[in-house]
Amino acid sequence: MRGHWREFVRRTEYKAEIQRFLNGPSSQKALRQELVEKFLHISSQVPCSHAESDILRIADFILRLPRDLTGDVVESGVFKGGASCKLSLVAAATGRRLILCDSFHGFPKDADKEDARLSEGEKLGTLDEVKRNVSLYGDPSVVEYVPGWLEHTLPELRATGRVLVAVFEDTDLQDPATVCIKLLYPLLQPGGRIFTHDVMFPMALAAYRDREVWGALDIHAPPKLVIVRKAIFRRTGALGYVTKPKAREQVRVRA
Ligand SMILES: C[S@@+](CC[C@H](N)C(=O)[O-])C[C@H]1O[C@@H](n2cnc3c(N)ncnc32)[C@H](O)[C@@H]1O
């Protein structure tokens, strides 16, 4: 009985989210319809560690950005590349690039010390696997790969001064979530967003509310963390975000 109820909630929410996405600007009707069909196909072909609703929310945000607002999209924590395939289609449709950052070796050593649900090497998607999935189901022409531990690779990305409009942070762990905030938030355009899928991982989520993390950017009050969805049952979705204020502000990473 509980299983039926869970499935009922999932399907009802799922239908409502798809409808919400399809109700976007009328000029994007055909594009949005096509994206939903492709997203569902991707989910049937590639193991995904997200609910459809999570990516629909991120896609909706990117599709609503002004076309003349420059900036790319980052996904940090990609697993088999299910979300990457979907976001590559959105990036291609909006003239942006998608940067995929992952160890491509799964979770790091000692992940279980932070959260007993995680273990070293779990959520492994190799670089070859992800590239293959993106080639089969996404748009490889807009995708760039940054392999390695985020703690090592993001400082280099930060140094390039790339301009971003959206980040999908989905590492489930506190240290990589923290480096994403410290190194990618400064690259965001005003009005840009870091979406986090770590809503169900208290240690990682804590980074978004940590005054010290934001203080390192000379931001003395952490920006509001909006929790869009908190999974009632597994697969009903879990997503939060912080938005960079539109007012001009100076952010600086301390040495
Ligand atoms: C939950 S999975 C990502 C799911 C994916 N976004 C999706 O929607 O299907 C978490 C990913 O984070 C990566 N990861 C975790 N900690 C990392 C770190 N410190 N550096 C690089 N990658 C890391 C793992 O390799 C794994 O692929």
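A residue is called buried if 20 or more other C-beta atoms lie within 10 Å of its own, exposed if 12 or fewer do, and partly exposed in between, with the C-beta atoms placed from the backbone. Helices (H or I, at least four residues) and strands (E, at least two) are DSSP runs, numbered from the N terminus.

**View 1. Helix 8, residues 174–184, is mostly covered.** This is a predicted model, in which local features need pLDDT of at least 70 and side-chain atom pairs count only at pLDDT 80 or more, while totals for chains, interfaces and linings use all residues. Residues are numbered from 1 along each chain as its sequence is written.

**View 2. The protein chain holds 10 helices and 7 strands.** Its radius of gyration, taken over C-alpha atoms, is 17 Å, close to the 18 Å that the globule rule (2.2 Å times the number of residues to the power 0.38) gives for 255 residues, so the chain is as compact as a globular protein of that length. The C-alpha trace spans about 50 × 45 × 35 Å along its principal axes, and buried residues make up 42% of the 255 residues.

**View 3. The 7 strands of an open sheet follow the order 3-2-1-4-5-7-6, with mixed pairing.** Two strands pair if DSSP finds at least two bridges between them. Strand 3 (143–147) and strand 6 (226–229) are the edge strands, each pairing on one side only. Neighbouring strands of this sheet are turned by 20 degrees against each other on average, direction ignored.

**View 4. Strand 1 (residues 72–76) and strand 2 (residues 98–102) pair in the parallel sense.** The pairing runs over 4 bridges, and Glu-75 stands opposite Leu-100 in strand 2.

**View 5. Helix 4 (residues 82–93) packs with helix 6 (residues 127–137).** Their axes, which are lines fitted to C-alpha atoms over the stretch in contact, lie 9 Å apart at an angle of about 45 degrees, where angles run from 0 to 180 degrees between N-to-C directions. Angles under 35 degrees count as roughly parallel, over 145 as roughly antiparallel, 65 to 115 as roughly perpendicular and the rest as oblique, and helix 4 and helix 6 are therefore oblique to each other. The contact, for which C-beta atoms placed from the backbone must lie within 7 Å, is made by Ser-84, Cys-85 and Ser-88 of helix 4 and Val-130, Asn-133, Val-134 and Tyr-137 of helix 6.

Key. Contact = placed C-beta atoms within 7 Å.
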